Amino acid sequence: MFHISSNSQAEDLAASECLLLLDNGTESRLLGLVEHIKEHALFMFMHRRMAITGSDVTLQKIIPISYDFSVVEVSSPEELAVVGADTRLRVTFLNEEIEFKLPFGSHTRLFLSEVNRAWCDVCEQYPKSPKFDWLTKYQKSAKGPGSLPSIAASTGKIAKRGNGEGEPCRLSVGGAAAHGHTACGSLDLFSPQCQRGLKEMSDAGGLIERSHSADTRGHKEDKHTNSSTDKARGEGAHENSQERVKGEGRNELVRLSKHTVSNKAQMLTMPQFGLRDTLIKCELLKNEDAYTHIENFSFFLGTYNVNGQTPKESLRSWLGCTPQPPDLYCIGFQELDLSKEVFFFNDTPKEQEWMKAVSEGLHSDAKYALVKLVRLVGIMLLFYVKKEHAEHISDMEAETVGTGIMGRMGNKGAVSVRFRFHNSDVCVVNAHLAAHVEEYERRNQDYRDICSRMLFRQLDPTLSPLTIMKHSIVLWLGDLNYRISDLEVDHVKDLIMKKDFETLHNHDQLKRQMDEEAVFVDFLEGEIEFQPTYKYDMGSDKWDTSEKCRVPAWCDRILWKGKNITQRHYRSHMTLRTSDHKPVSSLLEIGIKVVNEVSYKRTLEDVVRSLDKLENECIPSVCLSKSEFHFKDVKFMQHRAETLTLHNDGQVPCKFEFIKKLDEPAYCKPWLTANPSRGFLAQGDSVDIDLELFVNRSTAPELNSGQQQLEDILIVHLERGKDFFISISGSYLPSCFGSSIHTLCQLKEPIQDMPLETIRELSLMSTSETNSPDTEKALDIPKELWMMVDHLYRNASKQEDLFQQPGLRSEFEEIRDCLDTGMPDTLPGSNHSVAEALLLFLDALPEPVIPFSFYQQCLECCFTSGQCKMIISMLPQCHKNVFNYVTAFLRELLKNSAHNRLDVNILATIFAALLIRSPTKQDIMEKRKTQEFFQHFLVQETH
């Protein structure tokens, strides 16, 4: 989000990164949607590649959203053919037009929906015109010609533009008529308020026109009817696009211009379809075998940890190794870039370099479309399909999950795409799990985190997100980092020389963990008949000769889950020597459900006839397994779950949903979720609903202080039926995590040894009350903080990757219990687990170490060391003590940076986000300023 002005009433609603399309190329821009008393404008900012301070970001242009504003999608047919391609938009205001490219994904859809909502506000106010007086203060800030067209010119009339001959105008968002392009599908033109405003404006001036021409003719004619300025811009961008497309093998692609039979299920999930269509969809899925048949397609899966290197050799020997060209490619990379810049800014030129290398390395006997690229720091997944299959890809979504420190950092984790191919749901995951031989439990935890946190939004936003395991086909690849255990390095190399891979595989950690069903339950992996792919000396086929002399291991793996899957090859590619890993490939032949149109139509008619008979005859009915649930002794960040079973005992299918109670924002309290929260039950079917309870940093403070209790009532509503009430209760064990510094300094005993009423009274006492002469002297800092910092100071000052490698969740739970109960006397767990517990402690403070009231001052004086120290001197005494204690410890760690590999930038990035938190959502500029502020206290004694 963009913070416009500290004393302005303007509110920043949404923001998006984009590319500005110019005649001679593209430039990166930031777009912010800003509101001021029901008036909206788009603010366009220029920025340096690595924006750190306010001077790195410059307001370039302001575009008022008035009757003279419009936004339309102008993606070319080639771009439309690529499912998951970026969104290309033309924004028009008065006589000025600008074209942008916004990245594919849910963030762009949300941004565009906010723009749509802003336009609907304009419609609702008709015939009143927005004045935009508030924008004049920003005119001096905006750079470049035409930064802010005359406000008066944009508010006094309704724009009505005719189209050139042969230039159809389709329904578009905004008042300035769009030139022959379809409106972006993300903009909700069918919302009631927008329709009402459009109708009034149409009656007044014929603002919106509809095309009577075919879509394809509109696109063809559009090329000849643009103005000369548009043509120059369009051709320049198009030539640049064509050159890039040619290099990637994406030319001559098929445009997906209509719904095909294979994605009718997608249509039925759209919000405008009600219960009847949901019933039809469910019945169609139950009878899917009647109108589909299995057809085999070849999927090429590849994984390569490139160790931060740039491409130095052709990838054809890896990607083009199959006799026949595969139908689909899913190519995963890890450690694409190891620089600190990509870790902090998630920006790397190596993305384009490796994408180009892949495009040039694909099988030469076919032409492929790049469907999607998704990247998290150094983890990247590329998805290509043969051009003739592009129209059969639908329901495309991409997501990422970081499993680094505190579950946020993206140096480890996964990227994933899900899609429907014909009538089969496919999910592809590229993962990079925790390193080091002994950390197999951490790898198991990473796997479980990815499975639980990788959530894909559905087309119908009212439906619960899809998890990885909800797909019928799951393909999992990556550097899973499982090693060889219990064998010395020489023994391992001897077995490799003898090609005794079976004996070696018996000592493989992944095999052992799968055999124990700790991870990848129901997944399969082909027989390994190639030597380990890690670790080699760079540029050679020699095993690691460094001082560490790592034991060879099969780190790079490919697994699958689903029916009708046959593996045709599973191999490594020894000829590629760019990295210390060798790439791996697997060719899978997968049976995909393909729809027969005649059978589909016949089945649909049968389903509709049967539902007609049932409709209005029966009232839906369900029975519940139980209506009361009690969760005993709940702890901070401890996942608890109970199962509620709904059984449809009625005569008709039914639709259920947990609904909100009167005057409440959600159907349940924030510490509770029901999964799924809505759904559909065929007659006689049952569904298990997980009632999940989880207390996190947001909900712990009020539970610790006794201001809230674990109590809630859930309402299950049946469409056309009755409501059911479910009672939820529980007892919460107070924790130092989520308690305030002020409260903890008053507690000289473990928090769970204190009466709940005492904790409540202390949490409500002001600083002046606790400092009175009658009050017992408080601790200088919380004893729990001292225990963690002292443990790390004594045991982990030279620990490699401290605060960068996550700990184990099971060990965190032991550390939490030790701090809350005082037993045992010393902290359990590894150094990494204690370090992560310290970060979680600071993150869970309801009032950060630097209180919210000082936040703005920190931003304003972040570049001046003396003023920064002055702010710290004004903090409440206990907060000041904690700040000084933590920074002194971090300076001690920096003295051992040769061993722990920490530096000022790393520590400032991690700790500034915890110690100097914003009371509202923090934008990227504010993050940079808080880091600048904190760095003054890390370097002051190192010179």
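**Backbone geometry, salt bridges and nonpolar cores**

Phe520 is located in the loop between α15 and β17, where helices (H or I, at least four residues) and strands (E, at least two) are DSSP runs numbered from the N terminus. The model is predicted, so local features need pLDDT of at least 70 and side-chain atom pairs count only at pLDDT 80 or more, while totals for chains, interfaces and linings use all residues. Residues are numbered from 1 along each chain as its sequence is written, and side-chain values use heavy atoms, with hydrogens and water left out.

Although Phe520 is not a glycine, its phi is positive, at about 50 degrees. With a relative accessible area of 1%, Phe520 is buried; buried means under 20% relative accessible area, exposed over 50%, and partly exposed in between (1.4 Å probe, protein chains only). Most residues other than glycine have a negative phi, and most peptide bonds are trans. The loop between α15 (509-515) and β17 (556-561) also contains Lys535, which is joined to Tyr534 by a cis peptide bond with omega of about 5 degrees. Another cis peptide bond joins Asn675 and Pro676, with omega of about 0 degrees. Pro676 lies in the loop between β24 (672-675) and β25 (678-681).

A positive phi, of about 60 degrees, is also found at Arg901, which is not a glycine. Arg901 is partly exposed, with a relative accessible area of 46%. Arg901 forms a salt bridge with Asp801, their closest N and O atoms being 2.8 Å apart; a salt bridge is a side-chain nitrogen of Lys or Arg within 4 Å of a carboxyl oxygen of Asp or Glu. This pair links distant parts of the chain, 100 residues apart: Asp801 is in the loop between α21 (783-795) and α22 (809-821), and Arg901 in the loop between α27 (897-900) and α28 (904-915). Asp801 counts as buried, at 14% relative accessibility.

The structure holds 39 salt bridges. In one of these, Asp327 pairs with Lys386, and the closest N and O atoms are 3.6 Å apart. Asp327 is in the loop between α9 (316-319) and β10 (328-334), whereas Lys386 is in strand β12 (residues 379-386), 59 residues apart. Both Asp327 and Lys386 are buried. A salt bridge also joins Arg420 and Asp395 (4.0 Å, N to O). Because Arg420 lies in strand β14 (residues 413-421) and Asp395 in strand β13 (residues 393-402), the pair ties together parts that are 25 residues apart in sequence. Arg420 is buried at 8% relative accessibility, and Asp395 is buried at 17%. Arg88, Arg90, Glu97 and Glu99 are linked in a network of salt bridges.

A nonpolar core is a set of buried Ala, Val, Leu, Ile, Met, Phe, Trp, Tyr and Cys residues joined through side-chain atoms within 4.5 Å. The largest such core has 99 residues, of which Phe803, Leu890, Phe911, Phe933 and Phe934 touch the most other members. Helix α23 (residues 831-844) supplies the largest share of this core, nine residues. A second, separate core has 51 residues, including Val374, Leu477, Val492 and Phe501.

Ser833 is found in helix α23 and counts as buried, at 1% relative accessibility. Apart from residues up to four places away in sequence, Ser833 touches Gly807, Leu808, Glu811 and Ile815, contact meaning heavy atoms within 4.5 Å. In helix α26 (residues 877-894), 13 of the 18 residues are buried.

Conventions: Expected span 1.5 Å × (residues − 1).
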